[in-house]
Amino acid sequence: MQNRINLHPETDTDVLELIDEEVMPPHTLVLHNDDYNTFDFVIKSLIEVCNHEPEQAEQCTYLVHYRGYCEVKNGSANKLVPMKRELLRRGLSATLEKN
């Protein structure tokens, strides 16, 4: 007997995200310090890529600068891999860690 999940069109996305987060362990997107990018560029990137509020992006940028890294986003790998790729494409240093 196969297990079946009956989804309703109006809730498909929400249900799939819940299933995805339960099946896949959470991950953390980590931004690392570099000597190349400006504070303004990193802040702008966190706002655009990770949907941070300006204050949150600024705080993360300072943590990266002074501590060497900052955990900028938590979630499933499916959500975080595209963000990591975009940060890397912009020349930032980012890793994805399994919790």
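A salt bridge is a side-chain nitrogen of Lys or Arg within 4 Å of a carboxyl oxygen of Asp or Glu. This is a predicted model, in which local features need pLDDT of at least 70, side-chain atom pairs count only at pLDDT 80 or more, and totals for chains, interfaces and linings use all residues. Residues are numbered from 1 along each chain as its sequence is written, and side-chain values use heavy atoms, with hydrogens and water left out.

Select residues 1-8. Here pLDDT (the predictor's confidence in each residue, from 0 to 100) stays under 50. Where pLDDT is low, the predicted coordinates should not be read in detail. Over the protein chain the mean pLDDT is 85.

Next, select Glu86 and Arg90. Their side chains meet in a salt bridge, 2.8 Å from N to O. Glu86 and Arg89 lie three residues apart in helix 4; helices are DSSP runs (H or I, at least four residues), numbered from the N terminus.

Then select Lys44 and Glu48. The closest N and O atoms of this salt bridge are 3.9 Å apart. Why are the two separated by about one helical turn? Because they are four residues apart in helix 2.

Finally, select Val72. Which residues does Val72 touch, leaving out those up to four places away in sequence? Val72 touches Leu29, Leu31, Leu46, Cys50, His52 and Cys60, where a contact means heavy atoms within 4.5 Å.
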